[in-house]
Amino acid sequence: MFKASLTVDRDFPLAPLDRRLFGVFVEHLGRGVYDGIHEPGHPTADALGFRQDVMALTRELGATLVRYPGGNFMSGYNWEDGVGPLAERPRRLDLAWFSTETNQVGTHEFMHWCRAVGITPMFGVNLGTRGPDEARHYLEYCNHPGGTALSDLRRQHGAENPLGVKFWCLGNEMDGPWQICQKTPDEYGRIAKETAKLMRWVDPSIELAACGSSAYDMPTYGHWEDRVLEHCFEQVDYLSLHSYFVKPPADDSTESFFAQIETNARYIEDTVAICDAVATRKRSAKRLMLSFDEWNVWYRARHGEHLRQAGWPVAPRLLEEVYTLEDALLIGGMLTMFMNHADRLKVACMAQLCNVIAPIMTEPGGPAWRQTIFHPFAQAARWARGEVLRSVLRSPGYAHARHGELPYLCASVVDDAATGRTAVFVLNRHLTDAMDLTITLRGLGGERRLVAAEQLHGPDLHASNTRAAPDRVAPIPLDGVCIDGEQLRATLPPASWAVLVTESPRA
Ligand code: AHR
């Protein structure tokens, strides 16, 4: 057992927590849509063929925002193929995932799903094979009230009122050689600028995200951000980040796996620095915000038939990563890090939602279940409300080649003045020793009551949830939490994640 402490003070807030940090991603990829959220023959399917068991799990996950329709798929997508009578929709080759796209789910069906789930859509426009003209037309179709050919077409298709899609991604991973119509930063920066200009003229109320690099370790990272923003800084509100957490065979230790929390913190901080350097060069007071609109663990189902199958199949089993307890712990730690960057990070989308690198899995005609990573996300989405407070940590640590000394403790604290509730999220990265943790919540009220105390922990870091054993990894109570005035004390088992929620009447 070792001692660690976490202190926050009501007078030292970081920023309000943007609830859009609990976003997810639905791409036309593998069984993400077809045989995933949408399966007309399933016993739980609604009138449009969407599985209501998956809807219920999405609500339980607490996802607030959903990015759609891609990903790489976006760069070859014709939005017109996905509207109008189902029988007339074309089947197309999807060059992103070498699949056949049936277009049986498109804009209206997806909006129906969003409304049924109670989740906000975040759409993207195709800046791969297409450009500003289609983007402004798609926005006009979605958001213009009526009286033009495109907005009246939407009304003919059954949506009298504008769809009101407020957040738009300007393409996807345009720096990647795998992207349909990869671009140089100058090509992309120019097209992003002109597309943003036209889209804002159509609907000034929208928010726009430009593509940052598709990963922190892209050789062009930094240069890409700088050149792209040189062109479109004034026209966009957010810059995107994407990150998939891996376990390279050369260094597959759990300690290094968990060190990706610091790597991604650096990714955020470096990207903020580039955005602000561009602002300085432009003599601008504007501060760009960040949209971490793809993030998850993804290293097993990442090669060969997991990426591409012969014969242009419809809804093949692609990217169906099976997650472990170890993955869930990293996800929890990553969420604490995201919260601790709430001053600049406003949007984040776990990639993805269903079947494809996903917290929810389904079987056609069968059940849906929660993968291990479902749990820390759902706990954070449920309890993290209000303002993130600046955490001061004291913890012993371990040596890491890239980052130096890393504390065993990762934590974040979110306080909701309206309810008097304070949520504490903690990861113990020590693999063999329990942590004796003292938490001091200064100025947040003395007479505290415990509302929730849960942990994720187990004897086997490689344990997974499967169709046969869907609840092998699930939250269990964290017993023995002591409250003494402003202080809480808890013992966190080795390699564990916990959520502690207390409340106190506020003056
Ligand atoms: O999420 C899977 C894929 O990963 C997305 O389509 C792409 O944007 C990223 O490379």
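1. In this predicted model, helix H3 (residues 132–143) and helix H5 (residues 185–202) have axes that come within 9 Å and cross at roughly 25°. Angles under 35 degrees count as roughly parallel, so H3 is roughly parallel to H5. The crossing of H3 past H5 is right-handed.

2. On the H3 side, the residues that meet H5 are Pro 132, Ala 135, Arg 136, Leu 139 and Glu 140. Their counterparts in H5 are Ile 191, Thr 195, Leu 198, Met 199 and Val 202. By class, this contact of H3 with H5 has seven nonpolar, one polar and two charged residues.

3. Seven strands form an open sheet with antiparallel pairing, in the order E2-E15-E19-E20-E26-E22-E23. Its edge strands, E2 (13–16) and E23 (476–477), each pair on one side only.

4. Within this sheet, strand E19 (residues 409–416) pairs with strand E20 (residues 421–428) in the antiparallel sense, over eight bridges. Val 413 stands opposite Val 424 in E20.

5. Leaving aside neighbours within four places in sequence, Gln 455 is in contact with Ala 474, Pro 475, Ile 476, Pro 477, Leu 478, Pro 493, Trp 497 and Ala 498. Of these contacts, Trp 497 is 42 residues from Gln 455 in sequence, with a C-alpha to C-alpha separation of 5.5 Å.

Conventions: Residues are numbered from 1 along each chain as its sequence is written. This is a predicted model: local features need pLDDT of at least 70, side-chain atom pairs count only at pLDDT 80 or more; totals for chains, interfaces and linings use all residues. Side-chain values use heavy atoms; hydrogens and water are left out. Two strands pair if DSSP finds at least two bridges between them. Helices (H or I, at least four residues) and strands (E, at least two) are DSSP runs, numbered from the N terminus. Axes are lines fitted to C-alpha atoms, for helices over the stretch in contact, and angles run from 0 to 180 degrees between N-to-C directions. Angles under 35 degrees count as roughly parallel, over 145 as roughly antiparallel, 65 to 115 as roughly perpendicular and the rest as oblique. A crossing is left-handed if the near helix is turned anticlockwise from the far one by less than a right angle, and right-handed if clockwise. Contact means heavy atoms within 4.5 Å. Ala, Val, Leu, Ile, Met, Phe, Trp, Tyr, Cys and Pro count as nonpolar, Asp, Glu, Lys and Arg as charged, and the others, Gly among them, as polar.
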